[in-house]
Amino acid sequence: MDYDSQQQKPGAESTAAGYDPNYVPDSVKSFVVHMYRHIREKNVYEIHQMYETSFQSISDRFFKDSPWPSVDAVAVYVDNDHVFCLLYREMWFRHLYARHSPTLKQRIDSWDNYCSLFQVVLHGVVNMQLPNQWLWDMVDEFVYQFQSFCQYRAKMKSKTEQEITLLRQYDQAWNVYGVLNFLQALVEKSTIIQILEQEKEGLVQFTATDGYDYNGGSNVLKVLGYFSMIGLLRVHCLLGDYHTGLKCLQPIDISQQGVYISVIGSHITTIYHYGFASLMLRRYVDAIREFNKILLYIYKTKQYHQKSPQYEQILKKNEQMYALLAISLSLCPQVMLVEETVNSQLREKYGDKMLRMQRGDDEGFALYDELFSYACPKFITPSAPSYEEPLVNYNQDAYRLQLKLFLYEVKQQQLLSGVRTFLKVYSTISLGKLATYMEVDEPTLRTILMTYKHKTHAVDSNGKITSNADLNFYIDDDMIRVVESKPAKRYGDYFLRQIVKLEGVISDVDRIKLE
């Protein structure tokens, strides 16, 4: 959709009573003029400062209860520049979503703006450098608005006739195929997968420069393509297709440094969805390792993000990932994979609940339900409703299905907890003896042992079968022989934790003014 047709849409800015979309305060004039100049000069540092700091402070001062001035009102100050107006409008809608409740028309207008913006990036000549933070926020907000639209559309009971007419008229807005196609097109057009392959061979530098082009080129398409792989992981997780989601992320090696860690929101989103998808695919060890790393990172660095607009989101995701770690460790007790600092925090938050979850009774089952519901993504049903049928709310359907599948898996795992208890006690035990202890016959016990083997193994992203078990066993004639992996004791973690605590006490003491 072209820019001129977008300007003609009436009513997209009439949100707050008394709000004049054509009134432009001097601070906004100054903001757009300077931002436009810095973008033309490719001054990434200044763009980042204005984007992160100035935009927030002007929003807090002038636009707490209303949207920013309309794009028509500010266009005259930026030479009516087509691309700048698309970027301004992208920020305009993001501010609207963050501070207000957008109307259906505004949701549709935002979709049109993203279509226009991505079309320019994909098919135009983009001669600018933008901060990674902004490029990440574009992809992140694009997926968030898609998720928000699906949730909004699924609440059909409260829809007015006018809203239903609009939904029918603009049935391509936020269509799941459109969303996936844009993200996939950005990945392909940017050739980011080939760039990352070449980087492994030492032929190009992408990670070392954080994706920026210091030879006068543009970073926009390449970095948008990079972040779109994370966007695809997130969309597929929302749809419940975890295997495809992890496949989309595969070109990014999360065991190494990557551009995804250059933005805290990107870092957390990547690991949260990677860990959640791994949990749902029974790759518990992968989930535990990555949750452990990111939670340790947040613990060490969160004080540096206190003034960031993303700070509340960081804290929320931190709590959700502790809940997911508690689930993962309850299903796959591998505490030796967790650093002492993270383990200490985990025990504080969920120690009691984890003991009850491992008991395998109804109370433990209910706790799995509680933690999953708190920590899971907001699953979506991407299909449009049937307008001919009686209108019903179906916004919870996808969540209920994923919860049901997860709890079914938990139920199966709980049936096997008794086997693990005995295998932890014995290094060798006869089949007959274990069958007697478990009050089953030998053929049934063999079936249980085979099921245990199956449930403690998963297929990794390379198609290899890997073990999640902290102990292994094999049957030799009628004897079960158990091999337990003994973790090396890590004394360093303990001392580091005590040093951090001591430094905290000293800084608290220093702050106390003696009278």
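Where is the place of Thr-191 in this chain? Thr-191 is found in the loop between helix H9 (176-190) and helix H10 (192-200).

Hello everyone, and a word on the source before we go on. This is a predicted model, where local features need pLDDT of at least 70 and side-chain atom pairs count only at pLDDT 80 or more, while totals for chains, interfaces and linings use all residues. Residues are numbered from 1 along each chain as its sequence is written, and side-chain values use heavy atoms, with hydrogens and water left out.

Back to Thr-191. Its phi is near 50°, a positive value in a residue other than glycine. Thr-191 is partly exposed, at 34% relative accessibility. For that term, buried means under 20% relative accessible area, exposed means over 50%, and partly exposed lies in between, with a 1.4 Å probe and protein chains only.

Asn-80 also has a positive phi, of about 50°, although it is not a glycine. You will find Asn-80 in the loop between helix H4 (71-75) and H5. At 46% relative accessibility, Asn-80 counts as partly exposed.

Now the whole chain. It has 22 helices and five strands. The C-alpha trace spans about 85 × 70 × 60 Å along its principal axes. Of the 515 residues, 51% count as buried. Contact means heavy atoms within 4.5 Å. Among contacts between residues at least 6 apart in sequence, 74% join residues at least 24 apart.

On to the charged pairs. Side chains of opposite charge can pair when their charged atoms come close. The rule for a salt bridge is a side-chain nitrogen of Lys or Arg within 4 Å of a carboxyl oxygen of Asp or Glu. By this rule the count comes to 17 salt bridges.

Glu-90, Arg-94 and Asp-137 are linked in a network of salt bridges.

The next pair is Arg-234 with Asp-140, a salt bridge of 2.6 Å, N to O. This pair links distant parts of the chain, with Arg-234 in helix H11 (residues 220-239) and Asp-140 in helix H7 (residues 132-154), 94 residues apart. Arg-234 counts as buried at 10% relative accessibility, whereas Asp-140 is partly exposed, with a relative accessible area of 23%.

Then comes Glu-319 with Lys-349, whose side chains meet in a salt bridge of 2.8 Å, N to O. Here too distant parts of the chain are linked: Glu-319 sits in helix H15 (residues 311-331) and Lys-349 in helix H16 (residues 340-357), 30 residues apart. Glu-319 is partly exposed, with a relative accessible area of 26%, and Lys-349 counts as partly exposed at 29% relative accessibility.

Last topic: helix packing. Two packed helices are described by the angle between their axes and the distance between the axes. Axes are lines fitted to C-alpha atoms, for helices over the stretch in contact, and angles run from 0 to 180 degrees between N-to-C directions. Angles under 35 degrees count as roughly parallel, over 145 as roughly antiparallel, 65 to 115 as roughly perpendicular, and the rest as oblique.

So how do H3 and H7 lie relative to each other? Helix H3 (residues 44-62) and H7 pack at an angle of about 50°, with their axes 9 Å apart, and they are therefore oblique to each other. Ile-47, His-48, Tyr-51 and Glu-52 of H3 make the contact with Gln-133, Trp-134 and Asp-137 of H7.

H3 also packs with helix H2 (residues 26-40), at an angle of about 165° and with axes 11 Å apart. H2 and H3 are therefore roughly antiparallel to each other. Among the residues that meet are Phe-31 and Met-35 in H2, and Ile-47 and Tyr-51 in H3.

Key. Helices (H or I, at least four residues) and strands (E, at least two) are DSSP runs, numbered from the N terminus.
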